[in-house]
Amino acid sequence: MAQNQAHSRAGPICMDSVDTSQTRDILRALPLFRHLDDAALAELGGELQFFALPGGASLFEQGDTSDAFYVLKSGSLGAFRDDAGGQPRLVGVVAAGETVGEVGMIVDMPRNASVRALRDSELLRLSREAFDKLVNHHPKSMLAMARLAVRRLSAGEGEGSGSSLRTFAVLRHDAGVDVHGFAGELVRMLGAFGECAMISRETGEGRLSSWFNELEARTRYVVYVADADDHWQALCVRQADCLLLLANANDAPGDWPASACADASSALSRPRHLVLLHPGKLVHGAARRWLARTPLVPHHHVRDAHDIRRIARLLTGRCLSLVLSGGGARGFTQIGIVRALREAGLEIDCVGGTSIGAIIGAGVALEWSDQEMFDNYRHSFVASRPLGDYTLPLVALTRGRRVARLLREQFGESDITDLPLPYFCCSSNLSSGDLETHRHGPLWLWLRASCAIPGVLPPVCHRGQVYVDGAVINNLPTDIMHAQQPGAIAAVDIGADDALHTTLEEYNTPPMWKLLFEFGRGQRPGIFDILIRSGMVNAELASAERRHLATLLLEPPVRDIGLLDWKAYERAVEAGYQYALRVIGGRLERLHEQIPLRV
């Protein structure tokens, strides 16, 4: 941003000069103050303190007293909460022209998130005393703020929630990367969601910070093209909410330009994305090599404009993520649901799942066609009888060897990072008692772990840890998807309809002759059904909250399909398809307001 401003972790830099007319325009554009007349806006403006916050500096920390709220004049702020490991995780972005901190002021509670400058920023501060004066003189402002606070709290949001990234710096790994070609295509794709400008060295070098601020104020998205490792690249990095690191997938991984990495690091968790450019066809193993040099960052594969369009949706939160649950053979309904989503023009950008949902989701992430999905899973689950290798039940009822072989045949030796679409699957770690989210490693292995129903399939033992079906802890991981990727979520919950029922009244196992006589009549739950349901029932207790995170929740009726009724494959697929057609058809117009149509 500012060329005349040091980039550091120092605190706020107070500034006396403020443009009153510009401040009045900023305040009038805010929903909180839109009803105020010029005199009231002038009074409010006189109470505001203007200051600059260097990139990486803290505005306030989680748990601090709510003693002020802020209007962001330029730059961007990130809201962070600590994850289970105590590490800060970005949960929201505050863009120029937005407010932060008013929720804590309204409800008089400590800050529920830490807010820090993602890059050099300028803010207006309204103190608690000035806020109380505003409320007394203009009670309508209090009402507007209260409504905003209630909306945010009811949606489970806090400081900085709800905004999306707006400025991007495209950085090349070396001179052989086509940074201008990628940036130009990205600008074209972002243009579908709002006015977008591309700033190259020719148009931006030598400009003052005010020029960049005005550009970002009137333009929805700005893409800065950093085509050399020099002061221009450093300026692009300072301007960006998010850094896109471009590399040719075929090249040997190497270190990134030192100045860009240093600036990105000092901006404290500013989002960085690794973008691998492929020569038309995916280079398997490339992501694993590059991520070893640039760990813990999201990555994207680019083969053509279609992939860049998906990146634009993911970066701006205008994407559709798909979450698929476990539920045995009933999971085949998800194949039909995916077909219906595609036919409705809803393009799936990100996938996650548990158990059978993880396996179906892997096909979506591999971009299998509807026919490939139908044929491949019919071969694996119907023709091949995956649970047919029974054994003496010392560990489980089956050996699990056949399932592992079928998964390796279907998915090969691919790493999860090789999948064209962002993907994760879940397993339950019995050694630690935690849910594990797998975003890298052998795809077949973690699918095998994700579907290891306790008692039915042996667990996966790997590096001293014991992994079983993810449904034991979380059968509908919308919470993981919500934390990973902003945007709309379509969730398929087949676990909610998995209750076991019987007409029998008994408390012990009857004689063998009676069991044989009743076999096949469906009165008594079988051992497989009992084990599968037992492995899922605890996770169902927490699924209600996870279902609320879905933009589109699909719960296909599956009571007439047994948990291990592989022969009902065609019927399950068709049932899911017909159900989704009915549900999506009734909500399509509303859905398209939140989710872009395929173009």
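Reply: A cavity is a set of points, on a 1 Å grid over the protein atoms alone, where a 1.4 Å probe fits but cannot get out; lining residues have an atom within 4 Å of a point. Grid points are joined across faces, edges and corners, and a volume is the space filled by probe spheres set on the points. The model is predicted: local features need pLDDT of at least 70, side-chain atom pairs count only at pLDDT 80 or more, and totals for chains, interfaces and linings use all residues. Residues are numbered from 1 along each chain as its sequence is written, and side-chain values use heavy atoms, without hydrogens and water.

By this rule there are four cavities of 30 Å³ or more. Two or more lining residues come from each of α14, α15 and α16 (401-411), where helices are DSSP runs (H or I, at least four residues) numbered from the N terminus. The most come from α16, which gives five. By class, the lining has 16 nonpolar, four polar and no charged residues; Ala, Val, Leu, Ile, Met, Phe, Trp, Tyr, Cys and Pro count as nonpolar, Asp, Glu, Lys and Arg as charged, and the others, Gly among them, as polar.

The second largest cavity has a volume of about 70 Å³. Its lining holds three nonpolar, four polar and five charged residues, including Arg-119, Glu-216 and Asp-241.

Note on methods:
1 Å grid on protein atoms, 1.4 Å probe; cavity = no way out; pocket = protein on both sides within 12 Å on 5 of 7 lines; lining within 4 Å.
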